Structure formats: structure tokens, C-alpha cells
Amino acid sequence: MKITILSRSASIPSTRRLVEAARARAHQVRVLNPGRVEMHLDGISANLYYKRKKMPPCDVVIPRIAQSINSYGLAVVNQFGIRGMPLMNTAQAIAQSRNKMRSLQLLSANGIDIPATVMARDAADLKAMVGLVGGVPVLVKLLQGQEKHGVMVCESLQSLEAALEAVLGLGHNLVVQKYVKNTGQDVRVLVVGGRAVAAVQRRPRVGRLSHTLIKGARLEGVELTEAWRVTAERTARLVGLEVAAVDLLDVKGQPRVFEVNSSPALPDMEAATGMDLATPIIERAEALVAGAPRVDQQELAGGVAPTGVPAGKKGSARR
């Protein structure tokens with residue numbers, strides 16, 4: 001196959017792993033910076049150019065769009081789709097995953113349990129919001145700005161004050177969620193093609209502002225439980241992602257989804273699990289080219305939610 005990976009650089013670790021896995025399976029791979037892709041529409045055709053040269057078609061596109069160029073990058077992904085090229089993640093699904101409040105609304109309406117969550121436009125409301133979800137520890141999310149700086153764990157009143165100082169006056173939309181520190185597990189599940197393939201547990205540094213997953217957290221490989229598998233797979237399908245990292249809190253065997261990511265970092269999860277996680281993504285790309293149905297066209301996890309709520313039906317998910 002001819003595979004196009006949309007990424008700022010071939011040297012980014014996750015992009016490099018995808019290139020390695022694709023070449024190991026004898027595919028041709030090109031990495032294109034989506035910020036340098038030019039688009040042309042005239043009512044008849046939809047063309048793509050890279051460095052002013054018209055781009056030939058490819059067999060499949062793997063988007064890894066940075067949050068810093070989100071709007072333009074998603075337009076590029078959509079243009080590939082308009083030209084009829086299979087997409088590992090569609091622009092619509094990526095956008096859905098990055099609109100944190102809307103994705104949580106979607107999950108909650110379809111029987112996926114989520115932590116207690118509140119949203120406000122003003123950072124000055126942060127303390128009151130924390131009270132509404134039961135106090136610290138909490139996850140504080142900035143819904144604008146770069147994704148890797150958008151999530152903080154506040155485990156104490158001191159770190160909460162620091163978070164308030166950091167965001168006060170910036171005009172960001174905020175989501176605050178209950179975070180279970182000692183009685184639950186903080187887990188990321190990688191889902192590819194509608195199937196959960198690996199899980200890691202995150203352990204944030206105590207008493208500090210720490211980004212979940214990327215910096216300040218230690219990853220440990222854990223065995224997938226059936227509850228995590230079902231919840232993560234249904235979540236990815238609901239959002240419409242072929243490749244997704246589903247972040248959840250497990251409280252006494254009850255998984256609660258707090259975030260979905262469309263461009264998960266692979267090397268750290270591979271190091272923690274000892275698994276090759278890039279190859280399953282390439283294998284799924286092969287399946288899409290061969291005509292396999294997309295996950296967002298399939299029935300949701302057999303049509304039954306973990307709580308017994310039929311998939312796609314609105315109903316109580318609180319347990």
C-alpha cells in the first residue's frame with residue numbers, strides 16, 4: 001500500500017513507530033506536515049498540493065493532527081476524505097473527541113459512565129466548581145490551547161490554588177471532573193479498529209500539578225479487564241474513532257470515562273506493556289483498504305451497554 005501519515009515531522013516518536021511498522025510490512029510511507037498541505041476547490045474537483053506540487057492519490061491516510069493546527073489540519077483530513085481516500089480517523093471523529101464537553105455529553109447519553117463533571121467559562125469559578133464535584137482531588141481541563149497542556153491533576157488545595165493562578169484571566173472554558181486518587185485506578189486503553197488491544201495504569205506524582213499521561217506520570221502495563229474492554233470499545237465506536245486512547249477511572253470495578261484521544265502516544269505505552277502497538281494500526285489500515293466496515297458504521301458493542309442500557313438509547317448510566 002501507499003500510506004500517507006499526516007504529522008508535523010517524521011522524527012516524532014509515535015510517527016516514527018508507525019513508519020517503522022508500515023515499512024516492516026513492505027508498504028510505501030510518506031509523512032506530510034499538514035500545515036504545508038495546500039487545498040484547492042473549484043466546485044468540480046478537490047485537489048491537494050504539497051510544496052506547490054499536486055499530490056498523487058494514496059491508499060490510506062493516518063492523521064496525527066496537532067492541536068496547534070487543529071482547524072486547518074482537520075480541513076486537510078476532510079479534503080483527503082472528499083477525494084475518496086480511506087481515513088484511519090475522520091475529521092468529524094477527531095473533532096468530536098477534542099470537544100471534551102460534547103464528547104462527554106454523547107457518552108453519558110448512551111450509557112457510558114463518566115465522573116462527576118462541571119463546566120464554566122470563567123476560571124474564577126474554579127473553587128465553586130470543585131465543590132460541586134465533591135472536592136479535591138480533581139482533573140482540571142482547559143478546553144482551549146494545546147492538548148498536552150490541557151489537563152492537570154490537582155491533588156491538594158495548594159495545587160488547586162496554583163491551577164487557579166495559572167488560568168485566571170485567560171478566558172478559557174474549563175471542565176472540572178472528580179478524580180479518584182486512592183480507591184481507583186487511572187487507566188488508558190488503546191482501541192484500534194473497535195478492539196481494545198492494550199492498557200496502562202498511570203500514577204501521577206503526588207502533591208503537584210501533573211499532566212495525566214504525558215509528563216509527571218509513571219506508566220505501568222496492566223491486564224485488560226472485561227469491564228475496561230467493553231467500555232473502551234463502546235466509547236471509541238460512539239465517538240467514531242478507528243484509533244483511540246480511552247482514559248478512564250476504575251472505581252471498585254466500575255469504569256468511568258473521562259477523556260478520549262485521537263492521536264495517542266505509542267512509544268510510552270509500548271515501553272510499559274512490552275507490546276508492539278504500531279503494527280495493529282497498520283493492520284487496521286490494511287483492512288480498511290480491503291473494504292472492512294468502519295467502526296462508526298457498526299453496531300455498538302453488540303447493542304448492549306455494560307449497564308444493560310441498549311446502545312444508542314438514552315437512559316440512566318449512574319451506578
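A residue counts as buried under 20% relative accessible area, as exposed over 50%, and as partly exposed in between (1.4 Å probe, protein chains only). At 79% relative accessibility, K252 is therefore exposed. This is a predicted model, in which local features need pLDDT of at least 70 and side-chain atom pairs count only at pLDDT 80 or more, while totals for chains, interfaces and linings use all residues. Residues are numbered from 1 along each chain as its sequence is written, and side-chain values use heavy atoms, with hydrogens and water left out.

K252 is not a glycine, yet has a positive phi of about 55 degrees. This lysine is found in the loop between β14 and β15 (254-261); helices (H or I, at least four residues) and strands (E, at least two) are DSSP runs numbered from the N terminus. K51, also not a glycine, has a positive phi of about 55 degrees. K51 is placed in the loop between β4 (46-50) and β5 (53-54) and is partly exposed, with a relative accessible area of 48%.

## The surroundings of E242

E242 lies in the loop between α7 (226-239) and β14 (243-251). With a relative accessibility of 0%, E242 counts as buried. The E242 side chain makes a polar contact with the side chain of R284 at 2.7 Å. Such a contact is a pair of N or O atoms within 3.5 Å; within protein, one must be able to donate a hydrogen and the other to accept it, and residues adjacent in sequence count only if both atoms are side-chain atoms.

Leaving aside residues up to four places away in sequence, E242 touches M88, N89, V191, V192, G193, G194, R284, L288, R294 and V295, where contact means heavy atoms within 4.5 Å.

## Packing of α3 and α4

Helix α3 (residues 91-98) packs against helix α4 (residues 100-109) at an angle of about 95 degrees, with their axes 5 Å apart. Axes are lines fitted to C-alpha atoms, for helices over the stretch in contact, and angles run from 0 to 180 degrees between N-to-C directions. The two helices are thus roughly perpendicular, a class that covers 65 to 115 degrees. Q96, S97 and R98 of α3 meet K100, R102, S103 and L106 of α4.

## Proline and cysteines

The peptide bond from V136 to P137 is cis, with omega near 0 degrees. P137 lies in the loop between α5 (126-132) and β8 (138-142).

The structure holds zero disulfides, a disulfide being a pair of cysteine sulfur atoms within 2.5 Å. C58 is buried at a relative accessible area of 9%, and C154 is buried at 0%.

Technical notes. Parallel < 35°, antiparallel > 145°, perpendicular 65-115°, else oblique.
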